[in-house]
Amino acid sequence: QVQLVESGGGLVQPGGSLRLTCAASGNIFAINTMGWYRQAPGKQRELVATTSGGRTNYADSVKGRFTISRDNAKNTLYLQMNSLKPEDTAVYYCNSRGLGRIYWGQGTQVTVSS
């Protein structure tokens with residue numbers, strides 16, 4: 001089992017920044033890939049960014065604005081979000097994959113509005 005707890009969401013004005021944090025615990029040695037997904041009201045959950053073996057992957061909509069990073073010593077995943085837009089408003093979920101298992105955090109709300 002892997003437990004994932006997100007934090008760092010909130011209300012921010014367009015053009016602002018937020019940093020999301022995902023703390024992992026449990027059988028973390030089984031984790032291969034970690035990532036961030038988001039789900040806006042009325043829409044399907046979509047990939048934001050993933051990291052695996054030092055490689056990163058981003059959705060086109062966030063390239064150049066968001067940065068995913070992982071601190072293995074702290075068992076923590078981050079998502080630095082800059083130049084936020086209203087269309088970035090969503091619940092952001094942390095995700096881990098490994099040994100055939102997928103785990104999700106409870107989500108953290110990000111709202112971009114003036």
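1. In which strand does Ser-52 lie? In this predicted model, Ser-52 belongs to strand β5, which covers residues 46-52.

2. Ser-52 has a relative accessible area of 14%, and because buried means under 20%, Ser-52 counts as buried. Once its neighbours within four places in sequence are left aside, Ser-52 is in contact with Asn-32 and Thr-33. With Asn-32 there is also a polar contact of 3.4 Å, which joins the side chains of Ser-52 and Asn-32.

3. A second residue to look at is Ile-68, which lies in strand β7, made up of residues 66-71. Ile-68 is buried as well, with a relative accessible area of 5%. If residues up to four places away in sequence are not counted, Ile-68 touches a list of residues that includes Met-34, Trp-36, Ala-49, Thr-56, Tyr-58 and Leu-77. Tyr-58 stands ten residues from Ile-68 along the chain, and the C-alpha atoms of Tyr-58 and Ile-68 are separated by 8.5 Å.

4. The model also contains an open sheet of four strands, arranged in the order β1-β3-β8-β7 with antiparallel pairing. Strands β1 (2-7) and β7 stand at the edges, and each has a single partner strand, so one side of each is left without a neighbour in the sheet. On average, and with direction ignored, neighbouring strands of this sheet are turned by 15° against each other.

5. As one example of a bridge, Phe-66 has Met-81 in β8 as its partner.

Terms used: Residues are numbered from 1 along each chain as its sequence is written. This is a predicted model: local features need pLDDT of at least 70, side-chain atom pairs count only at pLDDT 80 or more; totals for chains, interfaces and linings use all residues. Side-chain values use heavy atoms; hydrogens and water are left out. Helices (H or I, at least four residues) and strands (E, at least two) are DSSP runs, numbered from the N terminus. Buried means under 20% relative accessible area, exposed over 50%, partly exposed in between (1.4 Å probe, protein chains only). A polar contact is a pair of N or O atoms within 3.5 Å; within protein, one must be able to donate a hydrogen and the other to accept it, and residues adjacent in sequence count only if both atoms are side-chain atoms. Contact means heavy atoms within 4.5 Å. Two strands pair if DSSP finds at least two bridges between them. Axes are lines fitted to C-alpha atoms, for helices over the stretch in contact, and angles run from 0 to 180 degrees between N-to-C directions.
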